[in-house]
Structure formats: structure tokens, C-alpha cells
Amino acid sequence: MFDFIVDRADSNLTGQALEDETQRLIKYFLTALTTPDKELWVNLSPYERDLMIPYNLGITELGKRMLEQDYLLKQITASLTNPDSEVGKEFWDRVYEKAYELYGTTEIPINTFSKVWIVPKRSVVLEKEGTAFVAENYLTVMLEEDYLAVEQNLNNEEIGTNLLPQERVEYINNLSAEFVKEIVLPELEREVNEGKNFAPIRQAFNSVILATWYKQRLKDSLLGQIYVDQNKIAGVDLDDQTIKDKIFDQYMVALKEGVYNIIKDDIDIATQETMQRKYFSGG
């Protein structure tokens, strides 16, 4: 028997709405309990559809929510590099400054192929009189070069990589990725841990923390022996088991259309003359 204490926070949910939301969180907990730790991941990448999500997790509410949040993560990351935003302007100013310093010109195609993802950084569980409370949690955002994306986009006329040798494409990619880490990631990490957009992943994280606590503390119980890490998802699985493919297809459409696709008049730091630049991010 489990009793769940649910903090409704500032949601003001009552009645059936509160019941539905509570059931969703309980399903997250049960899914995390029966899913092996090594299978609690998602990977929304245009080049790795077969590595999007472990099969069993992919047909649960928790897996669906994790994929939706990964999709949102990619979109918001892209929007933060929009040159019309404060963060985006700082990012591009730094990129062009460095490009001019290295190459004596800013008239080169600058592309960033990076992967961004969320991982747990810290969690604290308070145990008291047979009850476990999540007292503290924190998620961090990480970034690395997307080698598959670089490989797939070499010699691409549309984005100008055909004009540069592979070594320079890779170097510029690494350079711009460093500025993403310095300028964009802190804003993104704050949003992930405090913003409304990522409340669902924080809810899921709380459920995973409690499930992990249970696995570690009560692994010798009957439930621990017959259910924990056994991938028994009956009861927490989705009616629509194609949802992961629908999310992937939606992601691919967004990737092609772009989070932003603009032509902007800029002052070139090399010549101090006005020039037009095209900015595009698929997320």
C-alpha cells in the first residue's frame, strides 16, 4: 500500500482536475519504479530515430512527457539564439567578434550543430517516520558537439558548409558551441528549474527521485523483487502507443520550418558597413 502526499503548489487544482493530475504523477512513479535506471532516457535527434527512447518507456505517460519536454527544450534553446533577443544578440556579437579575430572577416557561414539535454544534478530525500519527502532537487543543462549533425551537413550548399573545408566547419561549430555554453545555457538552466514551461519535467523528476529512493531502500521487499526494474508497464501504458512517432514527426516539421528564419540588416564589425545576414535555427 502506498499513500501519496501531493503538493498542489500554486496550481489551484481541485476536484477531478486534481485527481487526474495526481494519478498522472503516481503513474510517473510506478513507471520509474519498474523501468531499469539505464532505460530512463530520451534522445530526440533527427539522425537517430531508432535511438529516440527505449520501447517500454516510449509507450508510457512518463516517456511521452519526457519526449515532449525534450522537444520543448530544443525549441527554447533555439529561440534564445534569435538575434532580435537580448541573449541572442550577445551570442552573435561574440561569435562575429571571434570570427573576425581569427579570419579577418565575418562573411563566412557560421553553423552550430550541438546537442542539448537535461540531466539530474542534485536531489535530497528526507525520511521521517516511514515517509519520504523530496526536500531538494536540481536539474542541469548540458551541451556537446553533435558529430552526426556535422557529418550530415558537410558540403551543404543551403547553409554554406560547401564553401569551407571540414576542419573549419568543425572549428567554427566548436567555437559557437562554447558561446552557447557561456551565454545561452545559464538562461536555459534557470528556465528548466524555475520556469512554467518545464514544470512537467520537474514533476517527473520528483517521481523518479522517489522511485529511486524506494529501489535503494526497499529493494528486498516483495514489490522490490517482483516489480522493480522488471519493465512491467501494464496499467501505466498509453492507449495510443504511436505517440512517440507523432512527437518525432512534429519535431522534424519544426526542424525544417525553423524556430526563426529572418533576414536582418547588421553593421559589419570588419567594414562598419550595413550588410544583410540570414539567421535560421531549426531547434
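The residues that line the second largest pocket divide into 20 nonpolar, eight polar and nine charged, where Ala, Val, Leu, Ile, Met, Phe, Trp, Tyr, Cys and Pro count as nonpolar, Asp, Glu, Lys and Arg as charged, and the others, Gly among them, as polar. Please keep in mind that this is a predicted model, in which local features need pLDDT of at least 70, side-chain atom pairs count only at pLDDT 80 or more, and totals for chains, interfaces and linings use all residues. Residues are numbered from 1 along each chain as its sequence is written, and side-chain values use heavy atoms, with hydrogens and water left out.

The lining has 37 residues, and I5, V6, D7, L25 and N206 lie nearest the centre of the pocket. A pocket here is, on a 1 Å grid over the protein atoms alone, an open set of points where a 1.4 Å probe fits, with protein on both sides within 12 Å along at least five of seven lines, and lining residues have an atom within 4 Å of a point.

Which element gives the largest share of that lining? It is α6, with nine residues, helices being DSSP runs of H or I with at least four residues. Among the buried residues of α6 are F205, W213 and Y214, buried meaning under 20% relative accessible area with a 1.4 Å probe and protein chains only.

Turning to helix α1, E21 lies in it, and E21 is buried, with a relative accessible area of 18%.

Notes:
Helices (H or I, at least four residues) and strands (E, at least two) are DSSP runs, numbered from the N terminus. Buried means under 20% relative accessible area, exposed over 50%, partly exposed in between (1.4 Å probe, protein chains only).
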